[in-house]
Amino acid sequence: MSARPDGPLVLGIETSCDETGVGLVVGHTLLADALASSVDEHARFGGVVPEVASRAHLEAVLPTLDRALELAGVRLQDVDAVAVTSGPGLAGALVVGVAAAKALALGLGRPLYGVNHLAAHVAVDTLEHGPLPEPAIALLVSGGHSSLLRVDDVTADVDVLGSTLDDAAGEAFDKVARLLGLPFPGGPHVDRVARDGDPAAIRFPRGLTGAGAVARDGTDHRDDFSFSGLKTSVARWVERARDEGRDVPVADVAASFQEAVVDVLSAKAVAACRREGVEHLLLGGGVSANSRLRALVQQRAEAAGLRVRVPRPGLCTDNGAMVAALGSMLVAAGREPSPLGLGTDPSMPVTSIQG
C-alpha cells in the first residue's frame with residue numbers, strides 16, 4: 001500500500017435515502033468508499049419505503065464503517081474530522097447517520113460537520129478531477145432533485161438557478177420503468193433498454209421549454225424542470241396502444257422518453273452556462289450515470305465551447321465519499337464545525353452548505 005497523503009483524514013457518512021455510505025478522504029484523495037444498499041428491499045414495493053430505509057441504515061452503518069477503515073488501512077483513532085449528511089433527505093434515514101456521526105465525533109473528540117447532500121454531489125468531483133473551477137454551473141439530477149446551480153465556492157457560495165417544480169428526473173425514470181414492466185430502480189433499466197430503441201420514434205413533450213418556460217403570471221421558468229407532464233404523456237401513449245390491442249414497443253418508448261428528459265436537461269444546462277458567462281459545467285447526481293445524458297451534455301457543451309466535468313458513475317450515486325469530500329473542503333477552508341446538537345433538515349436548501 002502506498003503512503004497515506006498528508007493532511008486531515010475526514011470520515012464521511014451518508015444515509016439520506018437507501019444507500020448507507022462511509023468514505024475516508026485526505027484532501028482530494030479518496031482512501032475508501034464503502035457502501036451498503038437496501039435497494040433490493042425496496043424493489044418489491046416499487047419505490048423507497050422510508051421506514052425500511054431507516055432500519056437498513058441502523059443495521060448497516062457500523063459494518064460499513066468497519067469496512068471503510070479496513071479498505072483505507074487506518075484506525076478509527078486516526079480520523080481528524082467527521083462529516084455527515086444532515087439534509088436534505090428522508091427524515092428517519094438522516095437521523096441514523098447524524099446520530100452515528102455525533103457519537104463518533106463525541107467519542108473521538110473530533111470536530112463534526114453536518115453537510116448538504118446536494119453540495120456534496122458537487123464536491124465529490126474533486127476526488128477524480130482535483131480542485132473545482134470557480135465559478136462553475138452544476139447540473140444535479142437524481143431521484144429527488146433536478147437542480148441547476150451556480151457554484152462560486154462549494155463551501156460557502158452556491159446559488160440556485162433552477163430546480164424541479166414537480167417530478168424530478170429520477171422519479172420520472174422510476175415511474176416510466178414501472179409502466180413498461182421494468183425493474184426498480186428504473187434509471188439503469190430504461191438506459192439499458194433504450195439502447196435498442198429509436199429515440200425519434202415518439203415525440204414526447206419537453207416541459208418548460210420555449211414559450212412554455214414563461215408562466216401566465218410572467219414567472220420565468222427557463223432554468224426550472226418539470227417532468228410530470230412527460231410522465232403522463234408516456235402513460236397515456238402506452239395505455240392507448242394497449243387499448244387498441246397493439247404491442248407496446250418498450251425499447252422505442254424507453255428511448256423516446258429518455259431522449260425527452262436528456263434533451264431538456266442538457267439544453268438548459270448549456271443555456272445557463274452561456275447566460276452566466278461560465279465555461280465549466282459539472283454533472284452530478286445518480287441520473288448523471290445515464291449514458292445518453294452524458295453523451296448529449298458532452299456533445300452540446302463542446303459545440304458551445306464549454307468544458308464538462310463528470311465523476312465516474314460510482315461517485316454519481318449517493319455515497320460516503322462525497323460527504324467526506326465536502327467535509328475535507330470545509331476543514332481546508334477553515335469553516336467552523338457544526339454543534340454537537342446538530343439536527344437534521346429533510347428540506348435543507350442547497351444554499352445552506354452546513355447544518
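Here is a chat about the sheets, helices, pockets and cavity of a predicted model.

Biologist: Hi! What sort of model is this?

Modeller: This is a predicted model.

Biologist: Okay, let's begin with sheets. What is the strand order in the open sheet that holds β1?

Modeller: That open sheet has five strands in the order β3-β2-β1-β4-β5, and the pairing is mixed.

Biologist: Which strands are at its edges?

Modeller: β3 and β5 (112-116) are the edge strands, and each pairs on one side only. On average, neighbouring strands of this sheet are turned by 20° against each other, direction ignored.

Biologist: How many bridges join β2 to β3?

Modeller: Eight bridges join β2, residues 19-26, to β3, and the two run antiparallel.

Biologist: Where is A83 found?

Modeller: A83 is in strand β4, which covers residues 81-87. With a relative accessibility of 0%, A83 counts as buried, because buried means under 20%.

Biologist: And how far is A83 from L35?

Modeller: Their C-alpha atoms are separated by 16 Å, and the two residues are 48 apart along the chain.

Biologist: Now the sheet with β9. What order do its strands take?

Modeller: The order is β8-β7-β6-β9-β10, which makes an open sheet of five strands with mixed pairing. β8 (157-162) and β10 stand at the edges with a single partner strand each, so one side of each has no neighbour in the sheet. The twist averages 25° from one strand to the next.

Biologist: How do strands in a sheet pair, anyway?

Modeller: They pair through backbone hydrogen bonds, either parallel or antiparallel.

Biologist: So which way do β7 and β8 run?

Modeller: β7, residues 146-153, and β8 run antiparallel, with five bridges joining them. If you find R150, its bridge partner in β8 is D159.

Biologist: Is α9 mostly covered or mostly uncovered?

Modeller: Mostly covered, since 20 of the 27 residues in α9 are buried.

Biologist: What comes just after α9?

Modeller: G277 does, and this residue takes a positive phi of about 70°.

Biologist: What about L296, buried or exposed?

Modeller: L296 counts as buried because its relative accessibility is 4%. You'll find L296 in helix α10, residues 291-303. The C-alpha atoms of L296 and A267 are separated by 9.0 Å, while the residues are 29 apart along the chain.

Biologist: Let's talk about empty space. How do you look for that?

Modeller: Rolling a probe the size of a water molecule over the atoms shows where empty space is left.

Biologist: What volume does the largest pocket have?

Modeller: The largest pocket has a volume of about 1,000 Å³. Its lining has 37 residues, and D18, S142, G143, G144 and D174 lie nearest the centre.

Biologist: Which element gives the most to that lining?

Modeller: α6 does, with six residues. β3 (29-37), α6 (169-179) and α7 (186-194) each supply at least two residues of this lining.

Biologist: How do the lining residues of the largest pocket divide by class?

Modeller: They divide into 13 nonpolar, 16 polar and eight charged.

Biologist: And how much space lies in the second largest pocket?

Modeller: About 170 Å³ of space lies there. It is lined by 13 residues, and L118, H145, S147, P349 and V350 are the closest to its centre. By class, the lining of the second largest pocket has eight nonpolar, five polar and no charged residues.

Biologist: Last topic! How many cavities of 30 Å³ or more does the structure hold?

Modeller: The structure holds one. About 30 Å³ of space lies in the largest cavity.

Biologist: Which residues line the largest cavity?

Modeller: The lining is made of L132, P133, A136, H280, L281, L282, R307 and R309. By class, there are five nonpolar, one polar and two charged residues.

Biologist: Which strands supply that lining?

Modeller: β9 (280-284) and β10 (307-309) each supply at least two residues. The largest share, three residues, comes from β9.

Definitions and conventions
Residues are numbered from 1 along each chain as its sequence is written. This is a predicted model: local features need pLDDT of at least 70, side-chain atom pairs count only at pLDDT 80 or more; totals for chains, interfaces and linings use all residues. Side-chain values use heavy atoms; hydrogens and water are left out. On a 1 Å grid over the protein atoms alone, a cavity is a set of points where a 1.4 Å probe fits but cannot get out, and a pocket is an open set with protein on both sides within 12 Å along at least five of seven lines; lining residues have an atom within 4 Å of a point. Grid points are joined across faces, edges and corners, and a volume is the space filled by probe spheres set on the points. Helices (H or I, at least four residues) and strands (E, at least two) are DSSP runs, numbered from the N terminus. Ala, Val, Leu, Ile, Met, Phe, Trp, Tyr, Cys and Pro count as nonpolar, Asp, Glu, Lys and Arg as charged, and the others, Gly among them, as polar. Buried means under 20% relative accessible area, exposed over 50%, partly exposed in between (1.4 Å probe, protein chains only). Two strands pair if DSSP finds at least two bridges between them. Axes are lines fitted to C-alpha atoms, for helices over the stretch in contact, and angles run from 0 to 180 degrees between N-to-C directions.
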